[in-house]
Amino acid sequence: MIIDSFSKRKTQIVLIKALILSIFVSLLLSGCVKRNSADSDGKLRIVTTTTMLYDLVSCIGGDLVNVTALMGPGIDPHLYQASAGDVRRMQNADIIVYNGLHLEGKMGDIFGSLARTGRKIICAEDGLDYSLLLSDETNPNIHDPHIWFNVSLWQAVARHVSKRLMEIDPENEETYIENLDNYLKDLDELIVYIHNRIEEVAHRQRVLVTAHDAFRYFGREYGFEVLGLQGISTDAEAGTADVSNLAAYIAENQIKAIFIESSVPARNIEALQAAVIARGFNVHIGGELYSDSLGDSSSGHDTYILTFKANIDTIVDALK
């Protein structure tokens with residue numbers, strides 16, 4: 001009874017907080033005023049949620065846009081909650097670009113409210129063929145949002161964003177087309193790089209163990225078995241049974257390395273390593289992978305292409 005009462009109170013608190021945020025956002029948005037459709041320097045103001053989208057929009061928009069990302073390097077978008085400052089930035093933007101597929105799960109109502117005020121919204125999800133998306137293994141109605149780990153899907157997102165920018169800003173259509181063509185060529189070269197490096201890893205060693213299930217698109221596209229301690233969202237906690245079962249699998253199959261992620265605490269992977277070692281197999285932590293964000297400028301991996309190359313180099317060097 002005490003536990004039930006505590007759970008009810010906890011649920012009520014969560015609902016009250018959500019209601020307060022909803023009211024707060026509505027009040028902010030109700031104060032929107034009309035302004036020019038471009039910045040004072042003539043550039044479109046664009047706000048993106050993730051660093052991946054920031055890089056993509058910057059490449060396609062080029063000198064025509066000023067782009068701001070709400071989430072910086074190392075930020076987990078699954079758990080991200082928009083601040084009052086974030087809402088103001090989106091309120092003052094010409095265009096808002098977000099991933100969709102519930103990646104920014106705690107921000108869904110805000111995007112809807114902004115759309116109703118006349119803000120231009122671009123959702124990456126809208127540019128994808130749903131037959132190519134992966135579903136959550138525990139809930140087939142939820143799709144895996146980590147689409148950037150399949151470069152071909154990311155190319156589809158780039159085409160969609162470019163198309164929407166041309167609809168919003170038709171006077172600069174030729175520039176958007178040229179920038180898109182250059183970006184797609186760079187992504188084609190990235191695909192070649194990925195496949196060349198993967199050839200260095202024996203097929204039986206192509207097993208990728210990470211903190212959460214962010215790399216399933218990578219695994220399907222590039223021939224890796226992918227095992228994550230947590231589900232596709234970091235909202236789900238890994239239990240002792242998850243650690244024990246995965247540790248047994250790693251020890252039995254003598255998988256050389258497991259990987260931490262830049263936007264997820266390392267403690268679960270460290271616990272997994274300890275559990276494997278306790279079974280008599282010395283698995284190594286192969287390095288840190290970028291999962292839900294790009295690297296920062298100090299890392300030298302602050303673009304989508306550089307981040308993907310850093311990931312593939314880390315994976316191959318640890319498993320080959």
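**Ground rules**

I am working with a predicted model, where local features need pLDDT of at least 70, side-chain atom pairs count only at pLDDT 80 or more, and totals for chains, interfaces and linings use all residues. Residues are numbered from 1 along each chain as its sequence is written, and side-chain values use heavy atoms, with hydrogens and water left out.

I also noted how helices and strands are assigned: they are DSSP runs (H or I for helices, at least four residues; E for strands, at least two), numbered from the N terminus.

**Entry 1: helix 2**

I began with helix 2, residues 51-61. How many of its 11 residues are buried? I found eight, so helix 2 is largely enclosed by the rest of the structure. Here buried means under 20% relative accessible area, exposed means over 50%, and partly exposed is in between, using a 1.4 Å probe and protein chains only.

The buried residues are Thr51, Met52, Leu53, Asp55, Leu56, Val57, Ile60 and Gly61. I then looked for what covers them, and the cover includes strand 1 (44-48), strand 2 (65-69), strand 3 (95-98), helix 5 (151-168), helix 6 and helix 10. Covering is judged by contact, meaning heavy atoms within 4.5 Å.

**Entry 2: helix 2 against helix 6**

Next I checked how helix 2 meets helix 6. Their axes come within 7 Å and cross at roughly 125°. Axes are lines fitted to C-alpha atoms, for helices over the stretch in contact, and angles run from 0 to 180 degrees between N-to-C directions. That makes helix 2 oblique to helix 6. The naming goes like this: under 35 degrees is roughly parallel, over 145 roughly antiparallel, 65 to 115 roughly perpendicular, and the rest oblique.

From helix 2, the contact uses Asp55, Leu56, Cys59, Ile60 and Gly61, and from helix 6 it uses Tyr176, Asn179, Leu180 and Tyr183. I sorted these residues into six nonpolar, two polar and one charged. For the sorting, Ala, Val, Leu, Ile, Met, Phe, Trp, Tyr, Cys and Pro count as nonpolar, Asp, Glu, Lys and Arg as charged, and the others, Gly among them, as polar.

I stayed with helix 6 (residues 173-198) and turned to helix 10 (residues 304-319): the two pack at an angle of about 5°, with axes 10 Å apart. They are therefore roughly parallel to each other. The contact residues divide into 11 nonpolar, no polar and five charged. Among those meeting there are Leu187, Leu190 and Arg197 in helix 6 and Phe308, Ile312 and Asp313 in helix 10.

Helix 5 packs against helix 6 at about 175°, again with axes 10 Å apart. This pair is therefore roughly antiparallel. By class I get 14 nonpolar, three polar and three charged residues in the contact of helix 5 with helix 6. Residues there include Trp154, Ala158 and Leu165 of helix 5, and Tyr176, Leu180 and Ile191 of helix 6.

**Entry 3: helix 3**

In helix 3 (residues 84-91), I listed Asp86, Val87, Met90 and Gln91 as buried. Seen down the helix axis, they fall within an arc of 140°, so they line one face of helix 3. The arc is that of the directions from the helix axis to the C-beta atoms.

**Entry 4: one loop, two residues**

Leu133 sits in the loop between strand 4 (120-123) and strand 5 (135-136). Is Leu133 buried or exposed? At a relative accessible area of 8%, Leu133 is buried. Not counting residues up to four places away in sequence, Leu133 touches Leu101, Leu128, His143, Ile147, Tyr217 and Arg220. Leu133 and Tyr217 are 84 residues apart in sequence, yet 8.3 Å apart in space, C-alpha to C-alpha.

Tyr130 is also found in the loop between strand 4 and strand 5. Tyr130 is partly exposed at 39%, and with the sequence neighbours up to four places away left out, it touches Leu101, Glu125 and His143.

**Entry 5: disulfides**

Last, I looked for disulfides (a pair of cysteine sulfur atoms within 2.5 Å). The count comes to zero. I noted that Cys59 is partly exposed at 31%, whereas Cys123 is buried at 5%.
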